[in-house]
Amino acid sequence: MQEVLNLIGYDIGGTKIGIGIGNSNGEIYAKARIENKDTKPETVLPQMVTTTLDLLNKANLAIKDIKAFGISSPSPADIPNGIMIAPPNNPYWRDVHIKEFLQNALGIEGFFENDANCGMLAEWFFGAGRGSRDAVYLTMSTGIGGGIVANGRLVHGKGFLAGEIGHAVLDPGGPKCNCGLTGCYEAFCGGRALAQRMQRELADWPDHPIIRFAGGKLEDIDLVALEKAVRINDEYAVKLWDEMCLRNAQAFGILLNTLNPEKIILGTLAWAAGDLFMEPVRRYLPRFAWKECIEACELVPSALKREIGSYAGLAGALNALYERGRYQLPW
């Protein structure tokens with residue numbers, strides 16, 4: 001029987017950093033969050049260390065009991081060297097050698113991975129992707145990121161950029177994407193892009209239900225407000241939601257026919273909206289993918305849901321050990 005490995009996971013967000021102590025069976029012993037909004041790394045990095053040591057104490061563990069730590073980081077980043085280059089939501093974090101700092105401070109081995117890939121790995125080891133050999137995970141909230149496991153291995157690509165399905169161009173005549181391309185999947189379906197579109201289109205419609213559901217503030221419009229308006233059958237909201245579902249099905253079709261996965265695991269939007277999202281997407285899928293690929297694949301919401309961040313860094317560490325032959329898949 002395989003040894004259960006104790007691990008530390010770090011999930012780096014724009015405003016908060018999640019820290020968790022857990023194991024290779026998916027048990028979380030202790031966790032905490034620390035502030036990271038407009039904070040310089042020289043302040044936060046030592047705090048990450050002290051919080052980690054406090055959590056180890058709560059879990060009745062010592063550093064010697066930990067096999068490795070993993071860092072789930074936003075892009076752009078230098079994956080092999082564990083350097084955060086320029087995360088989009090915190091201007092102070094530039095060229096931060098976070099893995100090296102934590103390795104030196106804690107005295108244990110560390111690993112570093114893109115956050116969307118860590119989401120895939122979390123679902124693969126502990127969630128909806130468990131037991132599969134070929135799976136795709138999509139973050140579906142502010143933006144759309146992706147991670148791919150093919151034949152039992154995470155796909156990195158030559159420049160560690162594999163899985164960026166959110167920036168596959170669905171329509172070259174479509175809207176400008178925040179990434180600089182035109183007509184990206186994310187430009188049609190990402191939460192930020194949809195909010196920006198609604199703000200433009202509803203600017204002269206202050207009494208619209210979507211604005212009311214956003215607390216009366218145009219600038220606070222989001223996918224939650226859109227979903228609520230769809231549920232009361234508002235004409236504008238229903239039309240926009242239907243278009244979004246169609247574009248999602250188009251992107252899923254690309255994944256189905258290209259990768260022929262066992263599972264496509266969908267993030268926030270899918271589990272938050274449920275059948276309101278999943279049913280029209282499934283209805284549109286045959287327009288974009290072969291029947292055989294659709295029938296071979298389970299299209300499922302995330303099993304970890306809001307807790308995925310607690311598992312992301314742990315999964316990144318566990319996958320690095322797996323790729324080096326120091327951990328075996330239990331299936």
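Me: In which sense, left-handed or right-handed, does helix 5 pass helix 8?
Reply: The structure is a predicted model, in which local features need pLDDT of at least 70 and side-chain atom pairs count only at pLDDT 80 or more, while totals for chains, interfaces and linings use all residues. Residues are numbered from 1 along each chain as its sequence is written, and side-chain values use heavy atoms, with hydrogens and water left out. A crossing is called left-handed if the near helix is turned anticlockwise from the far one by less than a right angle, and right-handed if clockwise. For helix 5 (residues 191-201) and helix 8, whose axes come within 13 Å, the crossing is right-handed.

Me: How are helix 5 and helix 8 oriented to each other?
Reply: Their axes cross at roughly 150 degrees, where axes are lines fitted to C-alpha atoms (for helices over the stretch in contact) and angles run from 0 to 180 degrees between N-to-C directions. Angles under 35 degrees count as roughly parallel, over 145 as roughly antiparallel, 65 to 115 as roughly perpendicular and the rest as oblique. Helix 5 and helix 8 are therefore roughly antiparallel.

Me: Which residues of helix 8 meet helix 5, and how many residues of this contact are charged?
Reply: From helix 5 come Leu194, Arg197, Met198 and Glu201, which meet Tyr236, Leu240, Glu243 and Met244 of helix 8, contact meaning heavy atoms within 4.5 Å. In the classes used here, Ala, Val, Leu, Ile, Met, Phe, Trp, Tyr, Cys and Pro count as nonpolar, Asp, Glu, Lys and Arg as charged, and the others, Gly among them, as polar. The contact of helix 5 with helix 8 has five nonpolar residues and no polar ones, and its charged residues number three.

Me: How is helix 7 oriented to helix 8, and which residues of helix 8 take part in the contact?
Reply: Helix 7 (residues 223-231) packs against helix 8 (residues 235-259) at an angle of about 115 degrees, and their axes are 8 Å apart. That makes helix 7 roughly perpendicular to helix 8, and the crossing of helix 7 and helix 8 is left-handed. On the side of helix 7 the contact is made by Leu226, Glu227, Ala229 and Val230, and on the side of helix 8 by Ala237, Val238, Leu240 and Trp241.

Me: How many nonpolar residues are in the contact of helix 8 with helix 10?
Reply: Helix 8 and helix 10 (residues 275-284) pack with their axes 8 Å apart at an angle of about 55 degrees, and are therefore oblique to each other, with a right-handed crossing. Among the residues in contact are Trp241, Met244 and Phe252 of helix 8 and Leu276, Phe277 and Tyr284 of helix 10. By class, this contact of helix 8 with helix 10 has one polar and two charged residues, and its nonpolar residues number 11.

Me: Which residue is the bridge partner of valine 136 in strand 9?
Reply: Another open sheet of five strands, again with mixed pairing, has the order 10-9-8-11-12. Within it, strand 8 (residues 135-138) and strand 9 (residues 146-150) pair in the antiparallel sense over four bridges. The partner of valine 136 is isoleucine 148.

Conventions: Helices (H or I, at least four residues) and strands (E, at least two) are DSSP runs, numbered from the N terminus. Two strands pair if DSSP finds at least two bridges between them.
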